[in-house]
Amino acid sequence: MILSPRISKPLTAALKSATLFCWALLVLSSPAQQPLQTLLVGVDHRTVTSLDGDWHYLVDMPPAGQLYAGKGQINDHGYAMNSHPNLVGKHNAEYDFDTAPTIKVPGDWNTQIPQLFNFEGVLWYQRDFDAQPQPNTRTFLHIGAANYRSHVWVNQKRVCDHEGGYTPFDCDVTAVLHPGSNFVVIAVDSTRLQDGIPSVGFDWFNYGGLTRDVSLVTVPQSFIDDYDVHLAHGPTFDTANTQLTGYVHVLDAPAGTPVTIDIPEAAARTTVTTDAEGNAPFSVKAAKLALWSPDSPKLYKVHLAAGQDQLTDDIGFRDIRVDGTRILLNGKAIFLEGANMHAEAPVRGGRAFSQEDADRIFGYLRELHANFVRLAHYPHDERMERTADRDGFLIWSEIPNWQRISFDKPEVYAKAVTMLREMIRRDRNKASVILWSVSNETGNNPTRTKFLSDLVVEARKLDGTRLITSALNSIRVNGNERVQDDPLCNVLDVIGQNEYVGWYEGTPEEADNIHWTFPQKPVLMSEFGAEAKFGNRGRVDQRWTEDNQAYVLLKQLEMLRKIPQLRGATPWILMDFRSPGRNIPLLQDGYNRKGLISEKGEKKQAFSLLQKAYTEHSIGKPE
Ligand code: GCU
């Protein structure tokens, strides 16, 4: 099939990137690390053996000698062996997972074990599981996320290592599994790293552990590990366009392997073949296609089949682009009315990971009459994107290049690329995700700008169909004049601007006189707001009261209305969230209180004010 240049160019770039991905995974693993073979896409649409539930745990206090053997080497002979102490006879191990306490997976350890509330370090997880390895199949241990660095052993063999607390990874365990009882041991180290992403200082709680689902995924010897199915994205939006395009990657498939993409409801079906790298690009016209949008979040069953393998995903098709200062969804200008959200479970607290958490969060957003959410400052559980796809919300997804990052270090850039690839690979088929963000509030200097600009190029190579953004806070202030001329704007499709007039700087009223100047691009006011303890009432000039918070917001909305390029707003933040640095007793108590809702789901005055503004669509215009 000859692909037209309009379709083939971005496709081959994405294909190249996909192949590069596997290569990068191999190269980027430090010498001590076991390379990752691949990252499975659509695992939540495969039949898996869940390993969620009770796992035994042991704490490895600093210097964590059971994990670190010195000189950056990993200790493969400590707790990884899962030995049991000889109660009689020769002295051996002084630990025993079998009789150790248990902890729930998924979940952070901080909110499960009171003594570990403030623990940042190494915790070891262990559980047994049964397996019946079948011939001509492969089995992967899929980990939804583990914060921050993790090392995985199965039956005493180290099978993989991973850095990054908010994206999934897969460990090939085929070679180490045996019929019957097996065991897995995972060491998770939540210690902050200067050269980490994020680095050592960040304004959210550093929940440690296996924070998302863990499962065993068995697939045929060669199988579909990655795919991209999207509405063809031409230079301009075309209402008549029903061309679906993308690729299916079949790992270890011989060239010429047939791959079928079948979308019955759209009367779209095609069979293509893999090339030497297992890539099968395709393009097929859908006879009938309803585009996905918040008003009609139409998802299609997309059946993929290749060799012995098959997978069915639920995918919506839509077109997102910018045109001058407008953001166009399916060719129609939109205004994004949303809020920021950290991945913290409402009411229950701790890291959010369940469908119940996702439904509750989107419930609040629905009540707010929002159509958009910025998932700060890192990829959230995949259920958030799935729920947004299902319920019709638009999403900003971000990697945690938060404030001070070691932008001068190539090894840190490599980590950022891996996180970007993991984020995009997991969610590239999610219609709800319209924006990839490469960073938040990073200092405006050439080293940083080079680092992030290169990352933007990488993002475009991986996905030429979405918008690239970043939340900026560097601004040139001249009296009431605020000029956004950060050079990073040049490479962004949409400019995110964070500002806290009326809270961190000045009085709420000062917002009345502020005049913003932005490049001729769509602008989202990605953060603004003030803190208030729920139930704390008083005069509007009394800080920390709900009345002051609502007043700051009122003044902010008036200021935002004057920005011609404004195409959206996400106040900081939907819900109060834990942050260790927020320590004013009786007001903060370890929480950042800029939520429109308390951590228990109690709505503050500001919630109703914003709800009214979103109901009336009174903050800004789509064009
Ligand atoms: C910053 C930052 C957030 C932080 C917020 C605040 O802008 O991006 O992560 O929580 O301000 O200070 O409340």
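Predicted model: local features only at pLDDT ≥ 70, side-chain atom pairs only at ≥ 80, totals over all residues.
**Entry 1: the ligand**

I began with Arg582, where I found a polar side-chain atom lying 3.0 Å from an oxygen atom of the ligand. The protein covers 95% of the 320 Å² of accessible area that the ligand has on its own.

Which residues of the shell are the closest to the ligand? I found 14 residues surrounding the ligand, and the closest are Asp203, Glu441, Tyr504, Glu527 and Lys594. Sorting the shell by class, I wrote down five nonpolar, four polar and five charged residues.

Within H2, I listed Asp357, Ala358, Ile361, Phe362, Gly363, Tyr364 and Leu365 as buried. I then asked what covers the buried residues of H2, and the cover includes strand S21 (336-341), strand S22 (372-375), helix H3 (382-391) and helix H7 (605-615). After H2 comes His369, and I noted that its phi is positive, near 60 degrees.

Helix H6 has 15 residues, 546-560, and reaches 21 Å from its first C-alpha to its last, close to the 21 Å expected. I found 13 of the 15 residues of H6 buried, so this helix is largely enclosed by the rest of the structure.

**Entry 2: positive phi in loops**

I reminded myself that most residues other than glycine have a negative phi, and that most peptide bonds are trans. With that in mind, I looked at Asn136, which has a positive phi of about 60 degrees although it is not a glycine, and which sits in the loop between S4 and S5. Trp544 also has a positive phi, near 75 degrees, and its place is in the loop between strand S30 (523-527) and H6.

Is Asn136 buried or exposed? Its relative accessible area is 65%, and because exposed means over 50%, Asn136 is exposed. Trp544 has a relative accessibility of 16%, and since buried means under 20%, Trp544 counts as buried.

**Entry 3: cis peptide bonds**

I looked up the peptide bond from Val105 to Pro106 and found it to be cis, with omega near -5 degrees; Pro106 lies in the loop between strand S3 (102-105) and strand S4 (122-131). The peptide bond from Asn147 to Tyr148 is cis as well, with omega near 20 degrees, and Tyr148 is found in the loop between strand S5 (137-143) and strand S6 (149-154).

**Entry 4: Ser474**

My last entry concerns Ser474, which I located in the loop between strand S25 (467-472) and strand S26 (476-478). At 18% relative accessibility, Ser474 counts as buried. Which residues does Ser474 touch, not counting those up to four places away in sequence? I found Asn444, Gln484 and Asp486, and with the side chain of Asp486 the side chain of Ser474 makes a polar contact of 2.9 Å.

How values were computed. Residues numbered from 1 in each chain as written. Heavy atoms only, no water. Near = heavy atom within 4 Å. Polar contact = N/O pair within 3.5 Å; in protein donor to acceptor, adjacent residues only side chain to side chain. Areas by Shrake-Rupley, 256 points an atom, 1.4 Å probe, with all protein chains shown as cover. Nonpolar A, V, L, I, M, F, W, Y, C, P; charged D, E, K, R; others polar. Helix = DSSP H or I, 4+ residues; strand = E, 2+ residues; numbered from the N terminus. Expected span 1.5 Å × (residues − 1). Buried < 20%, exposed > 50% of the residue type's maximum accessible area, 1.4 Å probe, protein only. Contact = heavy atoms within 4.5 Å.
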